[in-house]
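Here is a short report on selected details of one model. Read it with the structure in view.

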Amino acid sequence: MHSDDEVTREDARRSPTIYDVAAAAGVASSTVSRAFSRPGRVRAETAARIHEVARELGYRTNPLARALPTGRTALLALVVADLTNPFFFKIIRGAEKAALEAGYTLLVTDVQESAESERRALDRVLPLVEGLVLGTSRMSDTAIRMVAKQRPTVVLNRVLSDVPSIVTDNARGMRTVVEHLHGLDHKILTYIAGPEASWADGMRWRAMREVASEYGLRARRIGPFAPTVAGGRAAAHVFAQQRTTAAVAFNDLIAIGMMHEIMRMGGQVPRDVSIVGFDDIFGADFCVPPLTTVASPLTDLGWHAVRMLTDRLKSGAPATAAAARTHRVRPALLPATLEVRDSTRERRARRPALWRSDKDRLDTLVG
């Protein structure tokens with residue numbers, strides 16, 4: 001047996017339900033449901049009384065439960081490869097702004113650079129959201145198309161022929177890098193590759209080879225490396241075995257890690273090697289030396305990706321990859337510009353002093 005006080009305390013801990021509101025307002029539970037989901041179908045006086053009782057009881061509607069009959073949740077998902085990577089900070093801010101403007105709430109999911117984690121996360125998220133943005137997805141094209149068959153999808157920084165996408169102009173960005181280094185008299189360039197599953201990585205390496213060939217320069221590639229500062233440190237040791245006077249990193253984190261490790265080994269940037277990054281993340285302009293980098297309009301990327309998604313949701317454009325084959329949307333292309341800072345300089349005519357990799361440290365970094 002429970003005492004009256006125990007029952008009262010138990011009731012206080014329990015969240016009020018639709019049936020509690022109905023009993024207190026003297027109406028049927030179906031009337032309470034309509035008052036919240038379809039207020040136009042309930043008399044104004046009755047609806048006002050129901051809302052007043054609900055406030056007094058502390059009743060809150062469950063948006064997911066209300067959405068079950070209609071499929072409308074007003075939720076969108078943004079899936080990012082690594083939430084700790086500053087590359088995503090401005091993208092998330094821009095995406096949140098666009099979602100708010102369109103009347104949606106944005107869920108952000110971190111998949112830690114893992115295609116498997118991304119697939120598992122999507123299995124959980126897809127039933128809850130109306131659409132999603134895949135930010136630098138590591139999944140295969142086939143896996144992305146399977147997702148797009150289930151919910152309207154926009155892909156960020158990657159192009160698929162039958163799924164809407166938005167990218168920065170990687171080719172133009174890399175052209176400005178090669179032209180800049182050519183103007184500084186560098187003859188051989190090294191590309192420090194990022195993740196093998198990255199679409200942008202392949203595009204940047206292809207563009208570098210093509211533009212270098214136009215200018216009579218040699219281009220080589222090392223990697224892949226993790227798109228992190230630790231990945232950049234590991235890259236510095238591989239680079240040290242066969243150095244060139246200029247290196248272009250997949251992203252700013254690799255470039256910054258590489259600069260730090262080269263200087264730890266006794267080298268100097270840009271005296272011994274000019275280094276260029278990609279993305280112009282927060283911190284690229286006040287690391288030592290400040291990093292020359294290709295600036296991507298990150299806030300705009302996030303904003304336009306969500307805007308593209310909400311426009312499709314409102315217009316009823318084909319949501320699946322199969323339907324998109326007859327309703328193709330060309331990739332949206334945003335500009336990229338070169339920010340020249342202190343990590344690049346004219347090639348020295350005299351060979352700089354030797355600096356070498358520490359093999360044991362390399363094994364630690366790579367392992």
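Phenylalanine 87 is buried, because its relative accessibility is 6% (buried means under 20% relative accessible area, exposed over 50%, partly exposed in between, with a 1.4 Å probe and protein chains only). Phenylalanine 88 is buried too, at 2%. This is a predicted model: local features need pLDDT of at least 70, side-chain atom pairs count only at pLDDT 80 or more, and totals for chains, interfaces and linings use all residues. Residues are numbered from 1 along each chain as its sequence is written, and side-chain values use heavy atoms, without hydrogens and water.

**Aromatic pairs**

The whole structure holds three aromatic pairs. Rings of Phe, Tyr and Trp (its six-membered ring) pair if their centres lie within 6.5 Å; planes under 30 degrees apart count as stacked, over 60 as edge-to-face and the rest as tilted. Two of the pairs are listed here.

| Pair | Centre to centre | Between planes | Type |
|---|---|---|---|
| Phenylalanine 87 and phenylalanine 88 | 5.0 Å | 80 degrees | edge-to-face |
| Phenylalanine 282 and phenylalanine 286 | 5.5 Å | 80 degrees | edge-to-face |

Phenylalanine 282 is exposed, at 59% relative accessibility. Phenylalanine 286 is exposed as well, at 54%.

**Serine 296**

Serine 296 sits in the loop between strand 10 (292–295) and helix 13 (298–315). Helices (H or I, at least four residues) and strands (E, at least two) are DSSP runs, numbered from the N terminus. Serine 296 is buried, with 11% relative accessible area. Leaving out residues up to four places away in sequence, serine 296 touches Thr168 and Asp279 (contact means heavy atoms within 4.5 Å). Its C-alpha atom lies 8.1 Å from that of leucine 334, 38 residues apart along the chain.
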